[in-house]
Amino acid sequence: MDNAHLKKYAELLVRSGGNVQSGQLVVIGCGVEDAYFARLVQECAYDAGAKDVVMNWFDDVSVRNRYLRANSSVFDEFPQWRVDWYKHHDDRGAVYLHIDSSDPDYLSGVDPDRLRRFSKVSSMATKAHSALTMSNALRWSVCAVPSPAWAKKVFPGVPDAVDKLWAAILKGARADGSDPIADWKTHSENFTNRVEYLNRMRFDALRITTGLGTDLTIGLAKNHIWAGGGDIGKDGVPFFPNLPTEEIFTMPDRMRADGRVVASMPLSRQGNLIEGFEMTFKDGLVVSYKAEKNEQTLADIFTMDEGAKRLGEVALVADSSPISRMGTLFYNTLFDENASSHLALGKAYPNNMEGSAEMAEEERVAAGCNDSLVHVDFMFGTPDMKVVGISADGHETVFFENGEFV
Ligand code: ZN
Ligand code: ZN
């Protein structure tokens, strides 16, 4: 990819994504193989007025080596210095920019028990940090760049796979035009009408049906708020947590989901691809599930905690979004979740509930806001998907049909 496009993409992450303000601390998380892009982002962040930019390098290959070769006991502990590292930057109001390029298969063949144990201790140890980002007390933004291993997975056997994935990423992230920052402004404004409509309607529940066999009624949390097309930080500064973002989403009531949901795309998790899966809910809880492939990986999600068996997010994506139109499976949640309507098992975004900032965690949970150590998105949207909004008095309104907002 040529430098001019890369520079515009880096600027989009800094200026629109994290919306770095003058004098602010910035933390950039990036894989070592993509250092060239992280350095561009660093330059842009300083140019945007960042006081300082901290580079947080990671390396899939050494993480994999550790899972394969380290003493088993290390997966039950999370280093305190790492917790302190987050706290140090959180306390200084850092903006977190994350550049994702992971090989979807980098953990394949790793002992799932090690993954499960370490995932649990790390989620617990970083809970305070996650709470700050998930509630928008700190701004953050995630974008993707193609590592060679990832590109090979998406476009197997194609000689210029990295270039091809670059083109797909920039197109999917609406960053392939001459002025991506302006394009994102327009894109965000297009969401406003839909979000305002749904917030005005105050539906009590949604009934979602697809040709694949999904027939699920999801109760919405009483004080739910629909959001999409960007977020506002606690300090009032707007930002885009995800580049791309095509979803309009809200908070399900953790105690109300009934029926069956059939996934429309595989779910890539911890190096395994869960395929052909579905689950059945009763009173908000997953009561049965099956998968044609890697059913155990799906089962492992449910054993994390009770919240992992309940819903934390319902998101609608129009079938006409650029990612959906490409029809490419990216093996990457950031892209795949913006290709299709999805649900998340696990933790809900507190910001999707009015007044949640003033509520204690137990109050939030009692009001329907799901809590869990995980947040796992999976896709169920299809070109024939229909959504009926049901109001508290039972009145029904079809607002999404044939994969599009009506
Ligand atoms: Zn989502
Ligand atoms: Zn999600």
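Begin with an open sheet of four strands, whose order is 2-1-3-4 and whose pairing is parallel. Keep in mind, as you look around, that this is a predicted model. If you select strand 2 (52-58) and strand 4 (140-144), you will find them at the edges of the sheet, and because each has a single partner strand, one side of each is left without a neighbour there. Looking across the sheet, you can follow a twist that averages 15 degrees from one strand to the next.

Next, select strand 3 (residues 95-100) together with strand 4, which pair in the parallel sense over five bridges. Strands of a sheet pair in this way through backbone hydrogen bonds, and the sense may be either parallel or antiparallel. Within this pair, show His98, which stands opposite Val142 of strand 4.

Helix 1 (residues 3-17) touches strand 3 and strand 4, and its direction makes about 160 degrees with that of strand 4. Helix 4 (residues 80-91) also packs on the sheet, where it touches strand 1 (25-31), strand 2 and strand 3, and its direction makes about 155 degrees with that of strand 2.

Which residues supply its protein donors? They are Glu247 (OE), Glu313 (OE), Glu337 (OE) and His342 (NE2), lying 1.9 to 2.7 Å from the ion. The arrangement around the zinc ion (ligand 1) is irregular, because its four donor atoms subtend angles of 70 to 143 degrees. Glu247 lies in strand 10 (residues 247-250) and His342 in strand 16 (residues 342-346), so this pair ties together parts that are 95 residues apart in sequence. Colour these two by accessibility, and you will see that Glu247 counts as buried at 5% relative accessibility, while His342 is buried with a relative accessible area of 0%.

From here, select Glu313, which bridges the zinc ion (ligand 1) and the zinc ion (ligand 2), the two ions being 3.3 Å apart. Glu313 itself counts as buried, at 2% relative accessibility.

Glu313 in strand 15 (residues 311-317) and Asp377 in strand 17 (residues 375-379) are 64 residues apart, and the pair links distant parts of the chain. Asp377 is buried, with a relative accessible area of 8%.

Technical notes. Residues are numbered from 1 along each chain as its sequence is written. Chains are lettered from A and ligands numbered from 1 in the order in which they are written. This is a predicted model: local features need pLDDT of at least 70, side-chain atom pairs count only at pLDDT 80 or more; totals for chains, interfaces and linings use all residues. Side-chain values use heavy atoms; hydrogens and water are left out. Helices (H or I, at least four residues) and strands (E, at least two) are DSSP runs, numbered from the N terminus. Buried means under 20% relative accessible area, exposed over 50%, partly exposed in between (1.4 Å probe, protein chains only). Two strands pair if DSSP finds at least two bridges between them. Axes are lines fitted to C-alpha atoms, for helices over the stretch in contact, and angles run from 0 to 180 degrees between N-to-C directions. Contact means heavy atoms within 4.5 Å. Donors are N, O and S atoms within 2.8 Å of the metal (3.2 Å for Na, K and Ca); water is not among the atoms, so sites may look incomplete. Four donors count as tetrahedral if all angles lie between 85 and 135 degrees; four count as square planar and six as octahedral if opposite donors are over 155 degrees apart and all others between 65 and 115; anything else is irregular.
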